[in-house]
Amino acid sequence: MVSNYSSEITNEVNELINGLRSLISSHSRIKDLNKYQRECLRIILSKYIKDRGLRGIVQMPTGTGKTVLAAAIILAMYILAEKRRRNKLVAVYFAPRQVIR
């Protein structure tokens, strides 16, 4: 992937993703994020850092890990807010109440 972001943002995002992958593998039954989740996370976090905020929708097929991705995004935003000593973080996550089969 060719990045449209500065090397500083790219480095910060890569460092954050590596930390998230370590947290996920050591604190859950999930071994790692898949390559599509990592790429989506990289795009979202780069935009979040560059624009100092973000609103958006992630649309992926059933069974591709949207819930895990959402948790990773929210955790990453929380880590960034703490790192930058911001006390405002609002995350809203919507999911169906019934399993879709």
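The protein chain holds three helices and zero strands. Helices (H or I, at least four residues) and strands (E, at least two) are DSSP runs numbered from the N terminus. The order along the sequence is α-α-α. The chain is a predicted model, in which local features need pLDDT of at least 70 and side-chain atom pairs count only at pLDDT 80 or more, while totals for chains, interfaces and linings use all residues. Residues are numbered from 1 along each chain as its sequence is written, and side-chain values use heavy atoms, with hydrogens and water left out.

The radius of gyration of the protein chain is 14 Å, close to the 13 Å from the globule rule for 101 residues, so the chain is as compact as a globular protein of that length. This radius is taken over C-alpha atoms, and the rule is 2.2 Å times the number of residues to the power 0.38. Along the principal axes, the C-alpha atoms fill a box of roughly 40 × 25 × 25 Å. Buried residues make up 25% of the 101 residues. Buried means under 20% relative accessible area, exposed over 50%, and partly exposed in between (1.4 Å probe, protein chains only). Of the contacts with a separation of 6 or more, 66% join residues 24 or more positions apart. A contact requires heavy atoms within 4.5 Å.

The largest nonpolar core has 20 residues. Such a core is a set of buried Ala, Val, Leu, Ile, Met, Phe, Trp, Tyr and Cys residues joined through side-chain atoms within 4.5 Å. Val13, Leu41, Leu45, Leu69 and Ile73 touch the most other members. Helix 1, helix 2 and helix 3 each supply at least two residues of this core. Beyond its neighbours within four places in sequence, Leu41 is in contact with Ile17, Leu20, Leu33, Leu69, Ala72 and Ile73.

Gln37 lies in helix 2 (residues 35-51). Its relative accessible area is 5%, so Gln37 is buried. Outside four places in sequence, Gln37 contacts Asp32, Thr64, Gly65, Val68 and Leu69. Gln37 and Met60 are 23 residues apart in sequence, and their C-alpha atoms are 9.8 Å apart.

Glu12 belongs to helix 1 (residues 7-27). At 15% relative accessibility, Glu12 also counts as buried. Not counting residues up to four places away in sequence, Glu12 touches Ile49, Leu80, Lys83 and Arg84. Arg84 sits in the segment after helix 3. It is partly exposed, at 31% relative accessibility. With the same exclusion of residues up to four places away, Arg84 touches Glu12 and Ile49. Arg84 and Asn4 are 80 residues apart in sequence and 23 Å apart in space, C-alpha to C-alpha.

The largest pocket has a volume of about 1,200 Å³. On a 1 Å grid over the protein atoms alone, a pocket is an open set of points where a 1.4 Å probe fits, with protein on both sides within 12 Å along at least five of seven lines; lining residues have an atom within 4 Å of a point. Grid points are joined across faces, edges and corners, and the volume is the space filled by probe spheres set on the points. The lining comprises 34 residues, of which Gly56, Val58, Ala70, Val92 and Tyr93 lie nearest the pocket centre. Helix 2 and helix 3 (66-83) are the elements that give two or more residues to this lining. Helix 3 provides the largest share, seven residues. By residue class, the lining divides into 21 nonpolar, eight polar and five charged. Here Ala, Val, Leu, Ile, Met, Phe, Trp, Tyr, Cys and Pro count as nonpolar, Asp, Glu, Lys and Arg as charged, and the others, Gly among them, as polar.
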